[in-house]
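Here is a short report on one protein chain. Keep the model open while you read.

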Amino acid sequence: MFINKLKTALSKAAVLFARVKAASLDSIEELLLQADVGTTYTSIIMQHIKKTEGDTPEILKREIINLLSLPKPHIESVKPLIIMVSGVNGSGKTTTVAKLAYCYSKEGTVILASGDTYRDAAHEQLEIWACRAGVEVVGSQKGQDAGAVVYDTLSKAMTKNIDTVLIDTAGRLHTRSDLLEELKKMKRVITKRKLTGPDLNILTIDATLGQNSIQQARVFTEAIGINGLILTKCDGTAKGGAVIPICNELKLPILYLGVGENIEDLIEFDPQTFVDALFG
Ligand SMILES: Nc1nc2c(ncn2[C@@H]2O[C@H](COP(=O)(O)OP(=O)(O)OP(=O)(O)O)[C@@H](O)[C@H]2O)c(=O)[nH]1
Ligand SMILES: [Mg+2]
């Protein structure tokens with residue numbers, strides 16, 4: 001069951017939220033701040049609690065669900081479904097591509113683009129994952145033009161009528177403009193083959209960084225028009241409350257949560273299930 005897996009993953013964050021039941025209003029405020037909800041959203045939530053009559057934990061849950069319910073991107077029905085995954089170094093891009101490949105391969109054919117031509121052995125890492133997921137991968141060599149890798153992958157996908165294309169990209173510091181330019185180029189290559197661009201233009205965010213990740217996320221959002229987030233490493237953090245400022249500040253929905261290092265450790269994000277798991 002997903003809920004049990006999510007509960008296990010969120011157990012560190014849940015320790016804080018479990019205390020809400022017996023807490024005074026002041027302590028709830030303190031707990032929210034400790035869970036990295038941040039001052040702005042803690043204040044919004046506290047105001048809502050104070051002006052609403054009823055059971056405080058229930059009001060709190062409903063307000064969190066409300067704050068996490070952002071509209072998901074519209075998916076074009078035109079094949080192939082194209083998913084590009086970007087993010088800073090080590091935020092979990094390649095692992096997430098592998099997890100998504102495993103997920104989508106249950107519904108149809110999948111091909112991966114080894115779009116990280118920056119790091120040593122990036123292609124070999126992706127190939128190992130592709131093998132585990134049982135999907136095809138278009139390889140690349142270090143220093144190769146990442147746009148060309150995307151082009152080749154899309155051509156292959158179209159010739160073979162493949163359902164889903166997943167594109168891994170290089171790790172980059174959000175301050176490295178050359179690497180951001182490369183991402184823009186990859187997106188342009190996609191848009192030439194499919195006018196609407198990548199259906200899912202995903203940013204992976206390391207959940208253990210909490211609210212600190214918002215600023216770097218903005219740089220990607222502005223450069224390449226991200227339309228959904230995946231929070232990775234949710235299993236390793238007590239800062240579960242940071243999901244609230246992250247998705248609201250960026251005005252982007254969370255699509256999935258990464259909850260471990262294995263290929264099946266990806267959970268589709270649903271605000272209600274998330275809050276149920278968080279409150280134990
Ligand atoms: N615990 C846990 N670890 C994760 C999760 N997702 C990724 N990792 C780990 O994070 C590390 C980095 O993951 P990668 O997928 O290589 O990250 P990346 O963004 O592709 O890294 P670069 O290509 O070097 O920028 C690896 O050790 C992964 O096992 C997760 O959801 N939970
Ligand atoms: Mg990688």
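With 280 residues, a compact globule would have a radius of gyration near 19 Å; the protein chain has 19 Å, so the two agree. Note that this is a predicted model.

**Overall build**

Along the principal axes, the C-alpha atoms fill a box of roughly 60 × 40 × 35 Å. The protein chain has twelve helices and eight strands. Of its 280 residues, 54% count as buried. Take the contacts in the chain with a separation of 6 or more: 75% of them come from residues 24 or more positions apart.

**Surface and charge**

The accessible surface of the protein chain comes to about 12,400 Å². Carbon and sulfur atoms own 50% of that surface. The chain carries 32 positive and 33 negative charges. How far apart are the mean positions of the positive and negative charges? They are 2 Å apart.

**Backbone points to check**

Start with the peptide bond from Lys79 to Pro80. This bond is cis, with omega near -5°. Pro80 sits in the loop between helix H5 (56–68) and strand E1 (81–86).

Next come positive phi values in residues other than glycine. Asp36 has one, with phi near 70°. Asp36 belongs to the loop that runs between helix H3 (25–34) and helix H4 (39–51). Is Asp36 buried or exposed? Its relative accessible area is 14%, and buried means under 20%, so Asp36 is buried.

Asn161 is not a glycine either, yet its phi is positive, at about 55°. Its place is the loop between helix H8 (146–159) and strand E4 (164–169).

The table sets out these two residues.

| Residue | Phi | Loop between |
|---|---|---|
| Asn161 | about 55° | helix H8 (146–159) and strand E4 (164–169) |

**Aromatic pairs**

A pair of aromatic rings is described by the distance of the centres and the angle of the planes. The count for this chain comes to two aromatic pairs. One of them joins Phe269 and Phe274, with ring centres 5.3 Å apart. Why does this pair count as tilted? The planes of Phe269 and Phe274 stand at 55°; stacked needs under 30 degrees and edge-to-face over 60, so the pair is tilted.

Both partners fall below the 20% cut-off for buried residues. Phe269 is buried, with a relative accessible area of 4%. Phe274 is buried too, at 2% relative accessibility.

Key: Residues numbered from 1 in each chain as written. Chains lettered and ligands numbered in written order. Predicted model: local features only at pLDDT ≥ 70, side-chain atom pairs only at ≥ 80, totals over all residues. Heavy atoms only, no water. Helix = DSSP H or I, 4+ residues; strand = E, 2+ residues; numbered from the N terminus. Rg over C-alpha atoms; globule rule 2.2 N^0.38 Å. Buried < 20%, exposed > 50% of the residue type's maximum accessible area, 1.4 Å probe, protein only. Contact = heavy atoms within 4.5 Å. Areas by Shrake-Rupley, 256 points an atom, 1.4 Å probe, with all protein chains shown as cover. Lys, Arg positive; Asp, Glu negative; His and termini not counted. Charge placed at Lys NZ, Arg CZ, Asp CG, Glu CD. Phe/Tyr/Trp six-rings, centres within 6.5 Å; stacked < 30°, edge-to-face > 60°.
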